[in-house]
Structures are given as C-alpha cells and as structure tokens.
Amino acid sequence: MGGLTMKKEVVLPKKEETQSFYNNANSNKEVLLQVKDLKKIYKMDGVSVHALRGVNVEFYKHEFTSIMGTSGSGKSTLMNILGCLDKPTSGNYYIEGEDVSNFSKDQLALVRNRKIGFVFQGFNLLSRTSALENVELPMVYAGVPASERHKRAMAALESVGLKGRENHHPNQLSGGQQQRVAIARAICNTPSVILADEPTGNLDSYSSIEIMGIFQRLNQQGISIVLITHEPDIAEYTQRVIKIVDGQIVSDKRNDKVLLASEEIKKHKKPGTEIED
Ligand SMILES: Nc1ncnc2c1ncn2[C@@H]1O[C@H](COP(=O)(O)OP(=O)(O)O)[C@@H](O)[C@H]1O
Ligand SMILES: [Mg+2]
C-alpha cells in the first residue's frame with residue numbers, strides 16, 4: 001500500500017502551477033475507466049425507466065472530469081455503476097482494463113474498497129462518530145492496522161485543513177468542513193479514482209470553491225476525479241465536461257479555461273464575516 005503523499009496544510013495551488021499543470025495535462029492518456037454501450041433500466045410496478053440508454057465513455061488517469069445534466073438525466077445512475085454500487089442492465093464496464101460487468105456483489109465490494117473513493121452531496125458521515133473515526137472507518141474494512149489507520153487519517157485530515165478538529169463530531173462542523181472530512185475519508189485508501197456526486201450541492205458558494213480547490217490540489221497530486229454536478233460554474237473548475245441528457249451523452253469537451261479555485265476564492269467573501277457594501 002502506498003503511503004499518502006499529501007502536503008501538510010490546505011494550500012491551494014499557485015496560479016502558475018495550476019496553469020502549467022493543465023496545459024501539460026492529457027499529453028499521454030492512459031485509460032482508467034471505460035464503459036461500452038451501458039444501459040440501465042429500472043423496473044418498478046410494471047413501469048420501465050430507461051435511466052441510461054447506451055453510454056460509451058472513457059475516463060483517463062490523472063484527469064478531472066465533470067458530468068453535467070439536469071435532475072433525472074441519469075448522472076447518479078452512471079456514478080453508481082462507475083462506483084460498483086450497482087450493476088448495469090447491459091453493456092460493459094472496465095476498470096483499469098478489467099471487465100467488472102459480471103462481477104458478483106462481493107467481488108464488486110472488493111474492487112470498490114480498493115479502487116474507489118466516494119464523496120456525496122449529503123456528506124454521509126456517521127453522526128455520533130468523530131471526524132477521525134469517520135475517516136478511519138474505510139481503512140477498518142480494508143484491514144489496515146490500527147496505528148497505520150490513525151496515522152493516515154490524521155495526515156488526511158490535516159491535508160484538508162482540519163488539523164485540530166479530529167475529535168469534532170459532524171454536528172460541530174460546518175457543511176464545508178463536513179465535506180472535507182468526507183474527502184479525507186475518500187483519499188485514505190489511496191483510490192484510483194474519486195467519484196463525487198454533487199459534492200457542492202449542499203454548500204454555500206465560498207465553501208463550494210474551497211472544496212473545488214481541494215479537488216484541484218488532489219488532482220495535481222495525481223488523483224483522478226469524476227465529479228457530478230448540475231451547476232455550470234462548478235464544472236468550470238474541471239478539465240473536461242461531459243453533458244448527459246435523458247440517459248445519453250450529448251457532448252464531451254475539454255475545458256481550455258479551467259477556473260482556478262485559488263484565484264476565484266479571492267473574489268468571494270467568507271461567510272460569517274461582516275457584510276459591507
Ligand atoms: N432506484 C431507482 N428505481 C427506479 N427508478 C430510478 C431509480 N433511481 C433512479 N431512477 C430513475 O432513473 C432516472 C435517472 O435518475 P438519476 O440517475 O438519479 O438522475 P440524476 O442523478 O441525474 O438526477 C430518473 O428518471 C429516476 O427517477
Ligand atoms: Mg443525482
């Protein structure tokens with residue numbers, strides 16, 4: 001298991017670093033995730049909902065992609081399949097070249113624990129449990145020894161700017177801080193990819209930019225990210241924007257003007273500070 005290679009504090013990347021990073025990105029693409037003719041039909045009370053209607057797409061290593069679409073377009077359905085939380089009705093799904101389409105639930109769980117880090121809109125933290133314990137939990141399932149768990153969780157919390165908050169419970173943290181705990185939890189098992197489903201959906205605009213800044217920094221450290229959003233201004237922080245309508249991909253474009261969270265944050269007032277006009 002590779003150790004964490006994270007910086008000690010929340011330092012958003014410098015403008016020059018980010019720009020040169022994105023200019024050089026994708027020069028040698030390596031496929032990380034691939035889906036072929038993916039379909040998902042939900043059957044409920046005799047009614048069939050065609051949530052995905054033949055999706056073909058590849059996600060590359062070290063890429064930061066967003067998937068955009070209106071409510072009901074199939075974003076979460078796609079994410080659940082990419083995250084091995086659900087199986088497609090038909091089609092194939094390859095993770096690092098391995099076809100997992102016909103994996104059993106147990107096999108999928110194993111792949112999920114080893115390769116995927118999740119971040120959800122509602123944070124999904126255990127409420128009666130400290131930030132530290134929340135971050136340690138997936139490592140318990142992965143069989144990481146206690147002392148190593150503790151060390152990694154402390155480092156991950158520090159890397160998202162939560163040093164000193166390790167013993168806080170979720171209700172003692174702001175939404176943005178809770179989402180940072182969720183990100184720390186997602187990176188602890190050194191996943192191949194982070195899947196984030198509307199991670200800024202419950203946050204104010206300042207906290208949203210902070211979260212996008214953390215994702216940008218993790219991405220620069222080599223982590224691949226697929227982020228789902230229905231907000232166009234959030235997609236602007238990502239390198240590639242895929243649009244999905246009615247269960248089909250309708251556009252897939254490189255974003256040549258990636259917004260830099262470290263710059264955008266300066267234009268916003270931190271919530272809780274006094275309002276001046
Ligand atoms: N578990 C389910 N059972 C039945 N229908 C579902 C289920 N999950 C999603 N759907 C339907 O599939 C379609 C796509 O949903 P979803 O993937 O959640 O969209 P999005 O995340 O883009 O809002 C919607 O019509 C939704 O009602
Ligand atoms: Mg959704």
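Colleague: Let's start with a pairing: which residue in β4 does Gln-34 stand opposite?

Modeller: Bear in mind that this is a predicted model, where local features need pLDDT of at least 70, side-chain atom pairs count only at pLDDT 80 or more, and totals for chains, interfaces and linings use all residues. Residues are numbered from 1 along each chain as its sequence is written, while chains are lettered from A and ligands numbered from 1 in the order in which they are written. Strands (E, at least two residues) and helices (H or I, at least four) are DSSP runs, numbered from the N terminus, and two strands pair if DSSP finds at least two bridges between them. β1 and β4 (residues 90-95) pair antiparallel over five bridges, and there Gln-34 faces Tyr-94.

Colleague: Which strands stand at the edges of that open sheet?

Modeller: The sheet has four strands with antiparallel pairing, in the order β2-β1-β4-β5. Two of them have a single partner strand each, so one side of each lacks a neighbour in the sheet: β2 and β5 (98-99).

Colleague: How are α4 and α5 oriented to each other, oblique or roughly parallel?

Modeller: α4 (residues 131-141) and α5 (residues 146-159) pack at about 125°, with axes 9 Å apart. Axes are lines fitted to C-alpha atoms over the stretch in contact, and angles run from 0 to 180 degrees between N-to-C directions. Under 35 degrees is roughly parallel, over 145 roughly antiparallel, 65 to 115 roughly perpendicular, and the rest oblique. α4 and α5 are therefore oblique.

Colleague: Last one: which element gives the largest share of the shell around ligand 1?

Modeller: The shell (residues whose C-beta atom, placed from the backbone, lies within 6 Å) includes Tyr-42, Val-49 and Lys-75. β1 (31-44), β2 (47-60) and α2 (75-82) each supply at least two of its residues. The largest share, three residues, comes from α2.
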